[in-house]
Amino acid sequence: MSAPTSGSVLITDVRPYGEGEPIDVVVVDGTINEIGSELSAPAGADRIDGGGAILLPGLVDLHTHLREPGREDTETIRTGSAAAALGGYTAVFAMANTDPVADNSTVTDNVWRTGRDIGLVDVYPVGAVTVGLAGKQLAEMGMMAAGVAGVRMFSDDGKCVDDPLLMRRALEYAKSLDVLIAQHAEEPRLTVGAVAHEGPNAARLGLAGWPRAAEESIVIRDALLARDAGTRVHICHASTEGTVELLRWARAQGIAISAEVTPHHLLLDDSRLATYDPVNKVNPPLREARDNIALRQALADGVIDCVATDHAPHAAQEKACEFGQARPGMLGLQTALPIVVETMVATGLLDWRGVAKVMSERPAQIVGLTDQGRPIEVGEPANLTLIDPDTSWVVDPDGLASLSRNTPYESMTMPATVTATVLRGVVTARDGEVTR
Ligand SMILES: NC(=O)N[C@@H](CC(=O)O)C(=O)O
Ligand SMILES: [Zn+2]
Ligand SMILES: [Zn+2]
């Protein structure tokens, strides 16, 4: 494989982590070479005038659905990469629930190569835990890990690995390969027919409910299995107050368990379902205000490690139908950072260093990426995001880079703007346009 593209760039007038006076950053061949004032551009370098922007390490998304192969009508690796770069991301993990399923190295290596050729963001394929996501037989995780993609995270996301014995075997196999299992925590016997959070709103609207216990029973089971296997488990899209309590308990026991929360579970609740608009249908479902509050606090405390988008594009016809029939999932890549600003920074729960931690550093550490989520220092890889915290914008679904339009944030004002993204010194997005 050829070496990844790298570039040289002079970034002027930026504030790393939003701290101190504006400074300049010189990147040579993909590496931060100098940080200081009034620096000059290296030969052949690109230039970014930061205009006083906040500079963070490039964002890392552990949970995105790019839909290629199989559903290129709803998203492709190219359009999803563009959405990622515009959202400030320099690495994304593409879930395995494609068609064909990413349960073998032919698929995972192809996703990796395609992402690398496009070059807008590092696309890391997630491998399936079980063959065909069918939950019956372990996939060849070792083969996928050994391929050119070097798969390091495995998940049947979209489905739960609900068989406890199979989950136990998966954790043991993952331990021997030094890879991560990410669980979509949903006890399927408790969610038969469910389309919304089980609570007063669903009852009033006549929608079948998904109880919190369907998530929490798997979270605690998997914490115990991870304890016994002596390996880590990662919980996808944590959505309930109870899950937070269980994570807190498991951490206190010394159990290796990590967890992510989505922007929509931080911001939205099930009062939005009153319109029956399927744009609000998602798994796990939007919960209640007290869950939002517990999730925000847990993210601030570190009980929840990171934010992951669960960017889930769907075609118009999959959403333009009655609520019960619609596909679950919502777009996330281009709105994640502003929603974290609104729910975590504007509320005083996190400062910009905290944002770097939950959107870049912790996700990179959880999967063991050594070139992402790094400090902004000389000698470090130049994966960077510039953010204007004072320029707001209004979400127009037609204006997003995704091939799909299923954003719940239509017409909402977003409080911050990603002005540029840099991958190994190459400018991938600038002023709302991708560069390649
Ligand atoms: N989140 C969703 O509601 N949908 C995801 C699957 C998933 O993340 O469980 C999808 O692939 O559409
Ligand atoms: Zn899921
Ligand atoms: Zn998902």
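This is a predicted model: local features need pLDDT of at least 70, side-chain atom pairs count only at pLDDT 80 or more; totals for chains, interfaces and linings use all residues.
Student: How are helix 4 and helix 6 oriented to each other, roughly parallel, roughly perpendicular or oblique?

Tutor: Helix 4 covers residues 164-177 and helix 6 covers residues 212-229, and their axes lie 10 Å apart. The packing angle is about 45°. Angles under 35 degrees count as roughly parallel and 65 to 115 as roughly perpendicular. Helix 4 and helix 6 are therefore oblique.

Student: Which hand does the crossing of helix 4 and helix 6 have, left or right, and what classes of residue form the contact?

Tutor: The crossing of helix 4 and helix 6 is right-handed. Helix 4 brings Pro 164, Met 167, Arg 168, Leu 171, Glu 172 and Lys 175 to the contact, and helix 6 brings Arg 221, Asp 222, Leu 225, Ala 226 and Ala 229. By class, the contact holds 6 nonpolar, no polar and 5 charged residues.

Student: Which residues of helix 2 meet helix 1?

Tutor: The axes of helix 1 (residues 77-86) and helix 2 (residues 105-118) come within 10 Å and cross at roughly 55°, and the two helices are therefore oblique to each other. From helix 1, the residues in contact are Ile 77, Arg 78 and Ser 81. Their partners in helix 2 are Val 111, Thr 114, Gly 115 and Ile 118.

Student: What is the hand of the crossing of helix 1 and helix 2, and how many charged residues does the contact have?

Tutor: Helix 1 passes helix 2 in a right-handed crossing. The contact residues divide into 3 nonpolar and 3 polar, and the number charged is 1.

Student: Is Ala 346 buried, exposed or partly exposed?

Tutor: Ala 346 sits in the loop between helix 11 (336-345) and helix 12 (352-367). Within 10 Å there are 13 other C-beta atoms. A buried residue needs 20 or more, and an exposed one has 12 or fewer. Ala 346 is therefore partly exposed.

Student: How many residues of the shell around ligand 1 are charged?

Tutor: Ligand 1 is surrounded by His 65, Asn 97, Asp 157, Gly 158, His 184, Val 282, Asn 283, Asp 310, Ala 312, Pro 328 and Gly 329. The shell has 3 nonpolar and 6 polar residues, and the number charged is 2.

Note on methods: Residues are numbered from 1 along each chain as its sequence is written. Chains are lettered from A and ligands numbered from 1 in the order in which they are written. Axes are lines fitted to C-alpha atoms, for helices over the stretch in contact, and angles run from 0 to 180 degrees between N-to-C directions. Helices (H or I, at least four residues) and strands (E, at least two) are DSSP runs, numbered from the N terminus. Angles under 35 degrees count as roughly parallel, over 145 as roughly antiparallel, 65 to 115 as roughly perpendicular and the rest as oblique. A crossing is left-handed if the near helix is turned anticlockwise from the far one by less than a right angle, and right-handed if clockwise. Two residues are in contact if their C-beta atoms, placed from the backbone, lie within 7 Å. Ala, Val, Leu, Ile, Met, Phe, Trp, Tyr, Cys and Pro count as nonpolar, Asp, Glu, Lys and Arg as charged, and the others, Gly among them, as polar. A residue is near a molecule or strand if its C-beta atom, placed from the backbone, lies within 6 Å of it.
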